[in-house]
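Trainee: Got this one open in the viewer. Can you walk me through it?

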Amino acid sequence: MTPNAPLKPAGDVLLSLQHITRTFGSVTALHDVTFDVRAGEVVGLVGDNGAGKSTIIKIISGMFQQTSGEVILEGTPHRWTSPQQALGAGIETVYQDVGLASTLSITANIFLGREIVRPGLLGRLGFLDNVAMTRVAKEDTAKTGIRLPHLETTVGHLSGGQRQAITIARSMSWARKLLILDEPTNHLGVHEVEELLRLIRHVRDEGVAVILISHTLAHVMAITDRIVVMRLGEVVAEHVTRTTTTSAVVNDIVGATEAEIARNIN
């Protein structure tokens, strides 16, 4: 894995989660979760299954509402009631299930739900401006450097890695403030992972904040600026990536010291 490139200084706090709690009936999924994400910063969010990672990103992206606490974007508290509101605020999320329409072209998938209509009467009648969408899709995918087939290729004919790349390219094209990636390296080969990490650096350098959720700590260590560790619905540690080790992060994930881990092994 290639080492981190020299980092630009992170900007002001973009997203601040303050004392977020989320309950489902009698079950507390999140308790007093607090951490910040700065513009132009990549933050790794790690923890075992059930740690609360998926719940917190669903609150940030508008799929869930917090029971208490505040989601503050650029200094303004928000309580999204739908994913569309978060999208409108410049937050894009790539979930583990790729979420593409297999019968549509690459271009159509990039603009899915945000199609460009033709000007004038034809636009009011619902006619799409396919020429404009193809032009913009070509420009946006060229910026990312992702190698894709012809943009009119049907997504159903692509490999799993190519589909993942399209999903990420789509979100990177639309993300204005924050990009959330949930296990983005699933289904990707070694070369595709390297390409993805390069894309994340590209987005970061454009000033967009990134939250990366991944069980693959090698990828987290390679690309993040900071790492937030969750366990049983709480934030239990934060690390500056350059000054920590994989072992230290693992210790926080499992809730054990190195001595305790050694005793269990022996």
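This is a predicted model: local features need pLDDT of at least 70, side-chain atom pairs count only at pLDDT 80 or more; totals for chains, interfaces and linings use all residues.

Trainee: How many helices and strands in the chain?

Mentor: The chain has 10 helices and 10 strands.

Trainee: Back to E1 and E2. Which sheet are they in?

Mentor: An open one of 4 strands, ordered E2-E1-E4-E5, with antiparallel pairing. Two strands pair if DSSP finds at least two bridges between them. Strand E2 (27–38) and strand E5 (76–78) are at the edges, pairing on one side only. From one strand to the next, the twist averages 25°.

Trainee: What lies across that sheet?

Mentor: Helix H1 (residues 53–60) lies across E1, E2 and strand E4 (68–73), at about 120° to E1. Axes here are lines fitted to C-alpha atoms, for helices over the stretch in contact (heavy atoms within 4.5 Å). Angles run from 0 to 180 degrees between N-to-C directions.

Trainee: Why is H1 called largely enclosed?

Mentor: Because 6 of its 8 residues are buried, H1 is largely enclosed by the rest of the structure. Buried means under 20% relative accessible area, exposed over 50%, and partly exposed in between, using a 1.4 Å probe on protein chains only. In H1 the buried ones are Lys53, Thr55, Ile56, Ile57, Ile59 and Ile60.

Trainee: A buried lysine, noted. What about the glycine that follows H1?

Mentor: Gly62 has a positive phi, near 90°.

Trainee: Where is Ser82, and is Ser82 buried or exposed?

Mentor: Ser82 is in the loop between E5 and H2. It is buried, with a relative accessible area of 18%. Leaving aside residues up to four places away in sequence, Ser82 touches Ser61 and Gly62.

Trainee: Switching topic: what's the strand order in the 6-strand sheet?

Mentor: E6-E7-E8-E3-E9-E10, again an open sheet, with mixed pairing. E6 and strand E10 (234–240) stand at the edges with a single partner strand each, so one side of each has no neighbour in the sheet. On average, neighbouring strands of this sheet are turned by 20° against each other, direction ignored.

Trainee: Can you trace some of the pairings for me?

Mentor: E6 runs parallel to strand E7 (residues 178–182), joined by 4 bridges, and Val94 stands opposite Leu181 in E7. E7 then pairs with E8 in the parallel sense over 5 bridges, where Leu181 has Leu212 as its bridge partner in E8. E3 and E8 are parallel too, over 4 bridges, with Val42 opposite Val210 in E8.

Trainee: How many residues of E8 are buried?

Mentor: 5 of the 5 residues of strand E8 (residues 209–213), so it is largely enclosed by the rest of the structure. In a regular strand, side chains alternate between the two faces of the sheet. For E8, Ala209, Ile211 and Ile213 are on one side, Val210 and Leu212 on the other, and both faces are covered.

Trainee: Which strands does H9 lie across?

Mentor: Strand E3 (42–46), strand E9 (226–231) and E10, at about 25° to E9. The buried residues of helix H9 (residues 246–254) are Val249, Asn251 and Ile253. Gly255 follows H9, and its phi is positive, near 75°.

Trainee: And over the whole chain, what percentage of residues is buried?

Mentor: 46% of the 266 residues. As for contacts with a separation of 6 or more, 65% come from residues 24 or more positions apart.

Note on methods. Residues are numbered from 1 along each chain as its sequence is written. Side-chain values use heavy atoms; hydrogens and water are left out. Helices (H or I, at least four residues) and strands (E, at least two) are DSSP runs, numbered from the N terminus.
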